[in-house]
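Hello,

Here is the model we talked about passing on. Have a look at it first, and then read on for my notes.

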There are 2 protein chains.
Amino acid sequence: MDIQELMRQKAQAAKAASRQLAVVSTGVKDKALRLMADALEKRSELILKANALDLEDARQAGLKHSYLDRLMLDENRIHKMAEGLRQTAMLPDPVARDDYATVRPNGLEIRRVRVPIGVIGIIYEARPNVTADAAGLCLKAGNAVLLRGGKEALRSNMAISSLLADAATKAGLPQGVIQFVETPDRAAVDAMLHLTGLLDVVIPRGGAGLIRHVVENSSVPVIQTGTGVCHTFVDASADFDMAIRIAVNAKTSHPSVCNAMETLLVHEAIAPEFLPKLSWAMGEKHLEMRADARAREICPEMHEATEEDWSTEYGDLILSIKVVPDLDAAIAHINKYNTGHSETIVTNDLRNAHRFQREVDAAAVYVNASTRFTDGFEFGFGAEIGISTQKLHARGPMGLEALTSMKYLIYGEGQIRE
Amino acid sequence: MDIQELMRQKAQAAKAASRQLAVVSTGVKDKALRLMADALEKRSELILKANALDLEDARQAGLKHSYLDRLMLDENRIHKMAEGLRQTAMLPDPVARDDYATVRPNGLEIRRVRVPIGVIGIIYEARPNVTADAAGLCLKAGNAVLLRGGKEALRSNMAISSLLADAATKAGLPQGVIQFVETPDRAAVDAMLHLTGLLDVVIPRGGAGLIRHVVENSSVPVIQTGTGVCHTFVDASADFDMAIRIAVNAKTSHPSVCNAMETLLVHEAIAPEFLPKLSWAMGEKHLEMRADARAREICPEMHEATEEDWSTEYGDLILSIKVVPDLDAAIAHINKYNTGHSETIVTNDLRNAHRFQREVDAAAVYVNASTRFTDGFEFGFGAEIGISTQKLHARGPMGLEALTSMKYLIYGEGQIRE
């Protein structure tokens, strides 16, 4: 069978299953999530055996340590996956809630309720835990999933997804709600991106290259996630200690994630006093600093930043630094170079805080806090399928609500339109 | 200048304008809408002159009467466009409302507010009134627009859009919020579909061919609108008079629109009694009926339906008819052939009404009312930019709310993440 046909069949099976899943009760879905969690723990030896083979191949292929670490599973990581599923089971069901209701002059009663989206495609890279996390969240919101993981984690993902699918069916979910793409062929991704009418949305989770490929080639609607060129602007009125604490946290607490800071902007009025303090604090963390000419006049130990630095997501212990004349210049810089993810101002000026929040174009705009908080758990959603950097459907951390659509239910007594 | 560069410049101008427009007050936006309305009426002779030239060319090109009618403007139609803008001015501003707020255990205050999307691209066909309607709605929600109308209406659209843009600027809106594509070259459409990062969404309004082209080729997010293969299911317990009244209204009150019925399904238990009555009522409206074998046994005057009929949006006085054994078969038929627009059941059976609404997958699912009500005005939104048949972002009639995105505003006092 060719890959297009294979993908079509998987998507058709998922679509059929999604129609049944859409009307399954919360209790049955939650039971399925708990049985899925149990299955991962009880049969962990299957997963670990598959993962050992994946790891062995990855080592022989010379993949670097950080990659191997993302790929690696142990009992503890399997336990965490299982716990994630159990937590998802405890979250409120997002399906069936009303968010608009009206009675029209002609007597028609119109309600808008949340419904599952249908079939969600997830294309992801190294981490095998995404298989369990994404499947669990999609199922809780009543959606079938079509999962396509990275080829390096193929055996791990197959072990996890087949355990999950079996447990889901045993718990009473319709057969076929979890579909996994078993072929490592990249053509499967392109086939997936053209399953219009069967796949309702595709969510890429991974590096910038994967996301760009999906956005540029998909005729299925896409939710774009995860690229973050995040900024911290230290305003003239900032508390220096707070500014340094926030900057150090935003840059160094987890440099590889998308809500980490990449560029620090500082008001020229305080730059001469602030930058040496910052340089000292960041130097302690072994950070490479790349600065514009004005900052380097103050701190000659900093390297020279190029135009490219302003739009680079380092994901590493590197920070670009720029001195700006005022708030307007800071906002203009951010709106020119950011990816619409998370931005923060450190200030004691009410008006500047307000303008920054209004005028900066990003999913999350902070006053006096670290950008590292942009996350579904930190925002109180109890879960996260990713962080949307686009403006349609969902923006910022996506919890269960972002995995639903809506439907109008209209009750009449024979009304016709004039 | 090549077309790609031209489109990029227009989109960049729109993007810059959209940043300023996003923070303009409701009062200024509403004043602009009223001045835009006045300008259309006061300078109607400019529009009518341009329209006469468009009409003359269309006549010479041999375009059919219904097409010419859609293209034609007169004082009355211009007045209606102006009134549409004035009504938009009176609607509540969708921007800045909260829809989520929480204080986290660490003291972070998180609010989610509605914000404009940014720059909205509209690609449309014959009707020049879309120029005013779409520009007015986008502006009210704080968005800049990039408009691309059909080439047959080029001069009419240019006259309208330049009057609107002038009036908007005079009222105090930033220059460049209304961008119109003056070239009839189709390459402009394809360039538009790849303005990723500048255009936040593109909404195609027109025939199935246009919509398919946009969905298949756009790397900018798309909101798909307007294809409607809508069904009426007449259940065994239906009130016959009500069923016929609803069916006649759904099919014949405006056959060319997307919420008109295309297929009628009838329960086999009542088909022998119901279909002759339906046939008589529809015959009075000069309707062509295309039926399956079982219906034709009862009403031999009906034509034979082919497989293709079940998925055809006639947009005309043609109806396909099928006898089904039960509710399950009706739901299965609808979920197989519909376009996710509007479906109705005529029934007196509570459980069937409930199952139909839950299990039919469409934007609007009715009980005992005509599908013709699916419309932003009828649903109480006061306006409509189109009817979404997709599940992401917006589904069903799209009012002003659908033209907004959201943004998280976070207030802290120095919080950092552990």
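Into which domains is chain A divided? Domain 1 covers 3–224 + 393–411, and domain 2 covers 230–373; these bounds come from an automatic or database domain assignment. The C-alpha centres of the two domains of chain A lie 36 Å apart.

Before the details, a word on conventions. This is a predicted model, in which local features need pLDDT of at least 70 and side-chain atom pairs count only at pLDDT 80 or more, while totals for chains, interfaces and linings use all residues. Residues are numbered from 1 along each chain as its sequence is written, and chains are lettered from A and ligands numbered from 1 in the order in which they are written.

**How the chains meet**

In the interface, 57 residues of chain A are in contact with 57 residues of chain B; contact here requires C-beta atoms, placed from the backbone, to lie within 7 Å. The copies meet through the same surface, because 100% of the interface residues of chain A are also interface residues in chain B. S16(A) gives the largest share of the chain A side, 11 residues. By class, that side has 24 nonpolar, 18 polar and 15 charged residues. (Ala, Val, Leu, Ile, Met, Phe, Trp, Tyr, Cys and Pro count as nonpolar, Asp, Glu, Lys and Arg as charged, and the others, Gly among them, as polar.) Helices (H or I, at least four residues) and strands (E, at least two) are DSSP runs, numbered from the N terminus.

**A sheet with strands from both chains**

The order S10(A)-S9(A)-S11(A)-S8(A)-S7(A)-S12(A)-S13(A)-S16(B)-S2(B)-S1(B) describes an open sheet of 10 strands with mixed pairing, where a pair needs at least two DSSP bridges. S10(A) and S1(B) stand at the edges with a single partner strand each, so one side of each is left without a neighbour in the sheet. Where the chains join, S13(A) and S16(B) run parallel and are linked by five bridges. Tyr366(A) stands opposite Ile410(B) there, and Ala369(A) has Gln415(B) as its bridge partner.

**The four-stranded sheet of chain A**

Chain A also has an open sheet of four strands in the order S5-S4-S3-S6, with parallel pairing. Its edge strands are S5 (178–180) and S6 (201–205). Three bridges join S4(A) to S5(A), and Leu146(A) has Gln179(A) as its bridge partner in S5(A). Helix H1(A) packs on this sheet, touching S3, S4 and S5, and its direction makes about 150° with that of S4(A).

**A helix pair**

Lastly, H2(A) (residues 26–42) and H5(A) (residues 75–90) pack at about 170° with their axes 8 Å apart. Axes are lines fitted to C-alpha atoms, for helices over the stretch in contact, and angles run from 0 to 180 degrees between N-to-C directions. The angle makes H2(A) roughly antiparallel to H5(A) (over 145 degrees). Their contact includes Leu33(A) and Leu40(A) of H2(A) and Ile78(A) and Leu85(A) of H5(A).

Enjoy exploring it!

Definitions and conventions
Two residues are in contact if their C-beta atoms, placed from the backbone, lie within 7 Å. Angles under 35 degrees count as roughly parallel, over 145 as roughly antiparallel, 65 to 115 as roughly perpendicular and the rest as oblique.
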